[in-house]
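Here are my notes on this model, as numbered points. Please read them with the structure open.

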Amino acid sequence: MTKKAAIIGGGVIGGGWAARFLLNGWDVAVFDPDPEAERKIGEVLDNARRALPALYDKPLPSEGTLTFHDDLGAALEGAAWVQESVPERLDLKHRIHADLTRLAPADAIIGSSTSGFKPSELNEQGARAIVAHPFNPVYLLPLIELVGDSETCARAAEVLRSVGLYPLTVRKEIDAHIADRFLEAVWREALWLVKDGIATTEEIDEAIRMGFGLRWAQMGLFETYRIAGGEAGMKHFMAQFGPALQWPWTKLMDVPEFTDELVDLIAGQSDEQSGHLSIRQLERLRDDNLVGMMRSLKQSGSGAGGVIRAHEALLAIPQVGDLPVTLDIQVPQTWTDYNGHMNETHYLEAGAKASDCFMEMIGADADYIAGGLSYFTAESHVRYLDETHQGARLQVQTQVLSGQGKKLHLFHTLLSGERTVATVETLLLHVDLGTRRSCPPADHVAAALESYASRHAALPQPEGVGRAVGQRP
Ligand SMILES: NC(=O)C1=CN([C@@H]2O[C@H](COP(=O)(O)OP(=O)(O)OC[C@H]3O[C@@H](n4cnc5c(N)ncnc54)[C@H](O)[C@@H]3O)[C@@H](O)[C@H]2O)C=CC1
Ligand SMILES: C[N+](C)(C)CC(=O)CC(=O)[O-]
């Protein structure tokens with residue numbers, strides 16, 4: 001399959017799709033009549049470049065090539081994926097999809113970003129689109145709701161996984177798919193609360209982000225409520241709170257009329273709440289927070305964290321020179337501090353991640369650990385030699401100093417470009433997780449370790465080995 005995506009409509013969502021494909025090594029051709037489209041997509045791409053790679057501990061593939069086209073046919077030529085993201089008007093979508101069906105390669109997947117239209121509506125004049133509904137920002141959030149022809153959705157799911165997305169195939173077509181139905185319900189209630197003078201836009205946002213918003217990113221609705229049922233469980237929860245659905249807790253399907261007064265009230269409160277920040281500043285704040293939260297979820301593998309882990313497993317570990325590269329990361333904002341540089345704790349974290357990667361390389365991987373054997377760190381020494389900053393590429397090269405019996409002695413060199421910014425020297429001990437005592441590794445791990453140790457013994461000792469705190473250079 002050629003890795004080329006045609007992006008039809010390059011606004012908020014089309015720009016996000018373009019960034020997602022480009023940063024995963026696809027070539028992207030954009031068709032959008034807006035003379036500002038190139039500038040706008042450039043700005044979305046700048047944001048995506050500082051956020052998406054920071055989710056991973058391995059580098060993403062080299063960026064693809066971005067082109068802009070005045071001619072729809074030229075944009076579609078050779079595309080394996082066509083993504084329509086024009087404004088949410090059915091007549092416009094019908095016109096565009098007639099052209100896409102005529103001009104796109106016969107085997108190309110044609111997805112529509114529509115938030116609400118069903119495939120049967122999009123295709124009622126003979127088009128062949130599926131719904132591929134994303135969430136903003138498309139370059140960070142993994143969910144894509146797929147709706148439509150099952151064979152095409154299955155092919156689409158494979159492509160989406162390869163660029164780090166999470167396809168959720170909707171069983172039956174329905175207006176607004178799954179997630180937008182929730183969002184609409186929440187939005188409707190929020191509009192009533194503002195209109196009725198119960199809460200301001202800011203108070204509503206606090207009610208979400210100080211409470212259930214935090215829960216939803218990691219467990220969703222039903223798993224959260226299962227816990228809320230306590231030991232008595234889900235049936236007890238439903239018996240207790242089910243009747244409330246009949247009480248006047250919600251406004252149900254009523255939608256407040258969008259009078260000028262209501263629009264002014266909401267827009268005014270929103271200006272007061274967030275007007276001191278530009279949209280780009282808000283986007284960067286949102287992205288930094290999302291990257292931090294998603295990296296935390298990656299630790300447990302919950303929710304979106306599991307998707308990042310699965311995608312990362314598909315990415316290659318780079319090899320440079322004689323030493324393995326055991327970590328290759330773009331420094332996330334959450335690793336930086338009040339001094340405007342990477343905080344000391346994360347130098348050690350980078351070393352620890354490099355040790356984890358080295359363990360995998362010698363076969364002490366997840367299966368080995370599940371079998372009851374692992375390594376524990378006994379001692380580490382960090383030398384802070386230079387600064388590094390948010391967005392910088394940080395590579396770790398690892399040399400085995402010795403690897404006999406229970407002991408594994410590693411020297412990690414942290415590089416930012418050509419500069420050595422730190423070294424982390426670490427002694428690990430092989431342990432039996434049952435007895436929690438040290439023991440020799442399994443034969444295959446010992447043999448793989450010995451192979452690295454003998455090759456690395458032939459290399460010069462790295463500068464700084466065996467340094468203690470306070471020693472003069
Ligand atoms: N904004 C959001 O939060 C989300 C939007 N969507 C869906 O994505 C689609 C696009 O929405 P946005 O990106 O928000 O809109 P937008 O207004 O930001 O972008 C639409 C783009 O389409 C271009 N366009 C207009 N006519 C065109 C044509 N004939 N051919 C090619 N391009 C054309 C416009 O110049 C503009 O750049 C809609 O279907 C919407 O429902 C889906 C998920 C989230
Ligand atoms: C408001 N919206 C219906 C366009 C929202 C979406 O479709 C998904 C999102 O990103 O919130």
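1. Is Gly10 buried or exposed? Gly10 counts as buried because 26 C-beta neighbours lie inside 10 Å. The cut-offs: a residue is buried if 20 or more other C-beta atoms lie within 10 Å of its own, exposed if 12 or fewer, and partly exposed in between, with C-beta atoms placed from the backbone.

2. Some ground rules. This is a predicted model: local features need pLDDT of at least 70, side-chain atom pairs count only at pLDDT 80 or more, and totals for chains, interfaces and linings use all residues. Residues are numbered from 1 along each chain as its sequence is written, while chains are lettered from A and ligands numbered from 1 in the order in which they are written.

3. Overall make-up. The protein chain has 16 helices and 15 strands. Helices (H or I, at least four residues) and strands (E, at least two) are DSSP runs, numbered from the N terminus. The C-alpha trace spans about 75 × 60 × 45 Å along its principal axes. Of the 473 residues in the protein chain, 31% are buried. Among contacts with a separation of 6 or more, 66% join residues 24 or more positions apart. Two residues are in contact if their C-beta atoms, placed from the backbone, lie within 7 Å.

4. Domains. The chain is divided into domain 1 (4-177), domain 2 (180-276) and domain 3 (319-457). These bounds come from an automatic or database domain assignment. Between domain 2 and domain 3, the C-alpha centres are 45 Å apart.

5. Annotation. An unreviewed UniProt entry places "domain: 3-hydroxyacyl-CoA dehydrogenase NAD binding" at residues 4-170. That stretch is 37% helix and 21% strand, with its end C-alpha atoms 26 Å apart. The UniProt annotation "binding site" (unreviewed entry) covers Gly9, Gly10, Gly11, Val12, Ile13 and Gly14. UniProt positions are given in the numbering used here, feature names are shortened, and annotations may be inferred rather than shown by experiment.

6. Two of the annotated glycines. Gly10 sits in the loop between strand 1 and helix 1 (12-22). Beyond four places in sequence, Gly10 touches Gly15, Ala18, Val30, Asp32, Ala37, Lys40 and Ile41. Gly14 belongs to helix 1. Gly14 is buried because it has 27 C-beta neighbours inside 10 Å. Leaving aside neighbours within four places in sequence, Gly14 contacts Ile7, Gly9, Asp32 and Ser85.

7. Strand 4 and its partners. Strand 1 (residues 4-8) and strand 4 (residues 81-84) run parallel and are joined by four bridges. Strands pair if DSSP finds at least two bridges between them. Ala5 has Trp81 of strand 4 as its bridge partner. Four bridges also link strand 4 to strand 5 (residues 109-112), again in parallel. Glu84 stands opposite Ser112 in strand 5.

8. Which residues cover the two faces of strand 4? Trp81 and Gln83 lie on one side, Val82 and Glu84 on the other, and all are buried. In a regular strand, side chains alternate between the two faces of the sheet.

9. Helix 13 (residues 304-314). Ala304, Gly305, Val307, Ile308 and His311 are buried here. They lie on the same side of helix 13, because they cover an arc of only 155° around the axis. The arc is that of the directions from the helix axis to the C-beta atoms. The buried residues of helix 13 pack against strand 8 (166-169) and helix 12 (279-300).
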